[in-house]
Amino acid sequence: MRYTSERPGEDPDKGVGTVPETRADGAGPTDLDAASSTPLHPAAREALLAAMDAGYADPRRLHGPGRTARMLLDNAREVVAACLEVRPDEVTFTPSGTHAVHLGLLGLAAGRSRAGPALVVSDVEHAAVRHAADWTGAPVAGAAADRLGRVSPEAVEAAVASVGEPVAAVAVQSANHEVGTVQPVADIAARLGDLPLFVDACASLGHLPLPSGWATAAGSAHKWGGPAGVGLLLVRKGVRWRPPFPVDDRTDERATGFENVPAALAAAAALQAVSEERATVAPAQHALVARIRERVAGEVADVEVVGDPDDRLPHLVTFSCLYVDGEALVTGLDRLGYGVASGSACTASTLSPSHVLEAMGVLTHGNVRVSLDRTTTVAQVEAFLDALPGVVAGIRAELGPLP
């Protein structure tokens with residue numbers, strides 16, 4: 001795809017961005033990688049612009065601008081709490097979803113260090129969770145997933161029993177970030193008793209209700225239409241949580257540094273908007289993903305569509321094509337104006353085989369993750385599906401006769 005240095009509809013002499021040119025058929029590029037990041041929701045944009053002037057000050061200061069910033073931050077926290085049905089004092093804004101993940105899991109481990117050193121992490125967790133667990137240096141046991149990518153309560157219990165040392169905390173995601181399968185979080189938590197559960201909800205917040213049973217949880221605003229650089233840490237009232245990193249003089253020990261108040265307010269506005277739209281948007285996305293699953297399975301030879309076909313995130317689907325390189329698929333589709341993901345969603349820059357697909361025991365190479373934005377249309381999905389078989393066939397043709 002060729003790029004220009006001008007924005008659509010602007011004077012070329014004033015353009016400063018680089019945006020893709022339109023495709024040969026006259027249509028603009030179609031971003032089908034919303035699970036990585038989704039465009040700013042209009043509600044977030046409006047809140048962000050309104051708060052830029054009013055929310056610049058340090059919300060810890062007692063002067064007028066500081067009190068205004070504190071009021072905006074508290075308002076953002078209350079909005080998020082209402083959307084997720086949690087207490088406002090259980091909500092903390094962080095500099096990123098990854099940072100919220102680290103604080104959520106490592107804070108539990110630090111708070112329960114006397115109970116035991118070990119951690120249990122499901123085999124299909126995001127790399128941020130896996131790396132955080134490894135960083136502790138404590139024993140880590142993996143809870144196995146089935147071929148749909150689901151981690152059962154029995155698998156978690158078996159992992160807890162196998163680790164050989166007392167367990168401080170367990171980590172199981174709310175829904176898988178690569179294949180969309182929803183995890184039985186509430187059932188797992190019920191089996192754990194007093195053992196606390198960290199839930200990485202970055203992939204699901206805004207798309208599904210927050211599941212019950214968590215001790216700590218994490219979210220990422222840019223995945224639900226908020227601005228990048230805003231994470232969400234939830235710590236259940238009464239949970240033994242301790243800061244795992246050095247702290248500053250913030251009054252909230254879970255906050256690290258100066259909160260971006262305008263961005264936090266924008267993230268809250270986006271979450272409120274997508275929560276209100278979910279009853280309409282989620283069924284429409286679910287139907288579009290079902291259409292993708294149907295047509296890909298029926299029109300592309302030697303393909304495996306993975307993840308649960310029904311109990312899943314409404315906007316996401318992954319399939320793997322035999323005899324096809326994932327990088328070639330991404331590049332070929334990008335030339336036609338379709339942006340998709342391949343490789344591991346955690347290490348996509350390397351396009352290395354996905355540890356999630358490996359843990360599921362399914363085809364790992366030649367995989368494509370398609371994820372829909374709230375504005376993705378039926379026409380865009382059908383056009384993508386019309387183009388896909390030709391791209392796959394072309395890549396296979398370059399390889400010569402197949403076995």
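A pocket is here an open set of points, on a 1 Å grid over the protein atoms alone, where a 1.4 Å probe fits and protein lies on both sides within 12 Å along at least five of seven lines, and its lining residues have an atom within 4 Å of a point. This is a predicted model, in which local features need pLDDT of at least 70 and side-chain atom pairs count only at pLDDT 80 or more, whereas totals for chains, interfaces and linings use all residues. Residues are numbered from 1 along each chain as its sequence is written, and side-chain values use heavy atoms, with hydrogens and water left out.

**View 1**

**View 2. The setting of the largest pocket.** Because domain 1 (30-40 + 278-397) and domain 2 (42-273) both contribute lining residues, the largest pocket lies between them; the domain bounds come from an automatic or database domain assignment.

**View 3. The second largest pocket.** The second largest pocket holds about 230 Å³ of space, and among its 20 lining residues His 207, Trp 224, Val 274, Gln 285 and Arg 374 are the closest to its centre. Domain 1 (30-40 + 278-397) and domain 2 (42-273) each supply at least three residues to the lining of this second largest pocket.

Technical notes. Grid points are joined across faces, edges and corners, and a volume is the space filled by probe spheres set on the points.
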